[in-house]
Amino acid sequence: MQLYNKLSSDERSRMLDSSNQRRITLSFYKYAKINDPKKFRDKLFIFWDSIDVLGRIYIAKEGINAQLSLPEVNLEIFIDHLNSISFLYKVKINIALKHETKSFLKLKIKVRDKIVADGLKAKDYDMNNSGTHVNAKDFNELLEKPDTITIDMRNHYESEVGHFKGAVCPDVDTFRDSLPFINKKFKHAKKSNILMYCTGGIRCEKASSYLKKNGFQNVFQLSGGIIEYARQIKEIGIENKFIGKNFVFDNR
């Protein structure tokens, strides 16, 4: 029973170079109670390895956070497998606009304390009460309203590469640093529209819950993050208000 990678990154890279299979890059997350993350991790690894999934996946008692790639021919099998897991049934999947063969070179599924390092305690948030999800069209409309405060929930490097016009980009190195900064900076604006975005949505999910716990009343988050926004604006032909690039995947 294989529960770890047997190929080095160089060996995998050569295999991908010689393969004629088109690979799909995607991501998803889900906050859910997982009683035995280690057991769940092993089951995922066995099946995903068998269908040539490569990527970086974190599992914790609070849920799963996954960025991965797989052969396009196996996409339906992969989705069917997700749907066979009760809390991942019809989970929202963000499929990248551009697909790199070498987005990932190994399958890494790691058990962590949290799926996103946030520095919060359980009393600081309630995942049953997070912000309102908005699509690209509604996001654009909220972005233009004078009473909206738009906040980039990524680190300063990511926001320097690209961000939405008019967004507040906290000068922080990590997600955990941004939460107390935002709570303090905008404590006077708890009735304003707080519009949040991140790469795929997972950080906004936790951050919006944290802000609502701290008394912010009108909290919105870009559904599916910048990845899904890029897909939607292309699909429905609306203005792209994102300036620069969304740096997501490298050879991890």
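Q: Which way do the residues of β7 point, and are they buried or exposed?

A: Thr 148, Thr 150 and Asp 152 point one way from β7, and Ile 149 and Ile 151 point the other way. All of them are buried, where buried means under 20% relative accessible area, exposed over 50%, and partly exposed in between (1.4 Å probe, protein chains only). Five of the five residues of β7, residues 148-152, are buried, so this strand is largely enclosed by the rest of the structure. Strands (E, at least two residues) and helices (H or I, at least four) are DSSP runs, numbered from the N terminus.

Q: On what basis are such values given?

A: This is a predicted model, in which local features need pLDDT of at least 70 and side-chain atom pairs count only at pLDDT 80 or more, while totals for chains, interfaces and linings use all residues. Residues are numbered from 1 along each chain as its sequence is written, and side-chain values use heavy atoms, with hydrogens and water left out.

Q: Which strand is joined to β7, and in which sense?

A: Strands of a sheet pair through backbone hydrogen bonds, either parallel or antiparallel. Here, β7 runs parallel to β9 (residues 193-197), and five bridges join them; two strands count as paired if DSSP finds at least two bridges between them. Thr 148 has Asn 193 of β9 as its bridge partner.

Q: How does the pairing continue from β9?

A: Four bridges link β9 and β10 in the parallel sense, with Ile 194 facing Val 219 of β10 as its bridge partner. Between these two strands the chain passes through α7, and this β-α-β crossover is right-handed: with the strands pointing away from the viewer, the path from the first strand over the helix to the second runs clockwise. Strand β10 (residues 218-222) is mostly covered, with four of its five residues buried. It also runs parallel to β6 (residues 132-134), to which three bridges join it; there Val 134 has Leu 222 as its bridge partner.

Q: Where else is a positive phi found?

A: Most residues other than glycine have a negative phi. Asp 52, in the loop between α2 (37-50) and β2, has a positive phi near 65° and is partly exposed, with a relative accessible area of 23%. Lys 90, in the loop between α3 (75-83) and β4, has a positive phi near 55° and is exposed, with a relative accessible area of 63%.

Q: What is the order of the strands in the open sheet of five, and which stand at the edges?

A: The order is β4-β1-β3-β2-β5, with mixed pairing. The edges are held by β4 (94-95) and β5 (107-111), each with a single partner strand, so one side of each is left without a neighbour in the sheet. The partner of β5 is β2 (residues 54-60), paired in the parallel sense over five bridges, and Arg 56 stands opposite Lys 108 in β5.
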